[in-house]
Amino acid sequence: TNVAPVIDTVAATSVNENGTVTLSGTYHDVGTQDTHTLTINWGEGTPVTLPVTGGTFSFTHQYLDDNPSGTSSDIKTIDVTLTDDDTGAVTGSTTTTITNLPPVIDTIAATSVSENGTVTLSGTYHDVGTQDTHTLTIDWGEGSPVTLPVTGGTFSFTHQYLDDNPTNSASDVYTIGVTLTDDDTGSVTGSTTTTITNLPPVIDTIAATSVDENGTGPPRGTSHDVCTPDTRSLTINWGEGTPV
């Protein structure tokens, strides 16, 4: 009567996502002429069956991601079945921990514009977890931050700055902060700056009436400013006395 083989030891290394796990172990069989195969279920994909000899085994498997999403690391159970050529079989298992790595922002930059203009924020990023998905949260330095999906290792978004706040300055520097987050809670922050420059108002028309002495004739005119939130004042030099 055949006697099933025995698994003496089985263990697996742990790695970061996209890393390669090594599964190793030892076994014996009282049937010294038996040959053996090892079926491995890595916890993902289809189980594989491989020949083993000499009482030891060592095989590797790459885990692209720490599935499922939403966790910083995940434990995978690796099941093995050792079978001899006379249908004798024994099972065993071990675990490996796959740890998420946060994404990396490679470059980030923003254009600068005049008030009421549109700034373009662009950049590049990468993630060793090739199966991860990503979102980018942008704080433009005014208003509420926005969160947007990004793909392909690049991003480009726009934002209109109506004014160069605060007032009383010819230009103002805004810090734009970003947070890149993957689907396994990994995140990285970055920032850049943009300069918003004030534009002077424009007098479109101006005219004055003519009067007899001791008469009044205020000038009339129209003006505009590309920055709609700007407030304006008019200083008039009447050609006599102090300007008002």
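D172 sits in strand β15, which covers residues 171-182. Helices (H or I, at least four residues) and strands (E, at least two) are DSSP runs, numbered from the N terminus. This is a predicted model: local features need pLDDT of at least 70, side-chain atom pairs count only at pLDDT 80 or more, and totals for chains, interfaces and linings use all residues. Residues are numbered from 1 along each chain as its sequence is written, and side-chain values use heavy atoms, with hydrogens and water left out.

**D172**
- D172 counts as buried because its relative accessibility is 12%. Buried means under 20% relative accessible area, exposed over 50%, and partly exposed in between (1.4 Å probe, protein chains only).
- The D172 side chain makes a polar contact with the side chain of S169, at 2.6 Å. A polar contact is a pair of N or O atoms within 3.5 Å; within protein, one must be able to donate a hydrogen and the other to accept it, and residues adjacent in sequence count only if both atoms are side-chain atoms.
- Leaving aside neighbours within four places in sequence, D172 is in contact (heavy atoms within 4.5 Å) with D164, N165, P166, T194, T195 and I196.

**The five-stranded sheet**
- Five strands form an open sheet with mixed pairing, in the order β10-β16-β15-β12-β13. Two strands pair if DSSP finds at least two bridges between them.
- β10 (113-114) and β13 (146-150) stand at the edges, each with a single partner strand, so one side of each has no neighbour in the sheet.
- β15 pairs with β12 (residues 134-139) in the antiparallel sense, over six bridges.
- Opposite H134 stands D182 in β15.

**The three-stranded sheet**
- Another open sheet has three strands in the order β9-β11-β14, with antiparallel pairing.
- Its edge strands, β9 (104-110) and β14 (154-161), each pair on one side only.
- β11 (residues 117-126) and β14 are antiparallel and share eight bridges.
- V119 has H159 in β14 as its bridge partner.

**Nonpolar cores**
- The largest nonpolar core has 18 residues, and L121, L136, I138 and I176 have the most contacts inside it. Such a core is a set of buried Ala, Val, Leu, Ile, Met, Phe, Trp, Tyr and Cys residues joined through side-chain atoms within 4.5 Å.
- β9, β11, β12, β14 and β15 each supply at least two residues of this core.
- β15 gives the largest share, four residues.
- Not counting residues up to four places away in sequence, I176 touches residues including V119, L121, I138 and T194.
- Apart from this core lies another, of 16 residues, among them I7, V21, L23 and V52.
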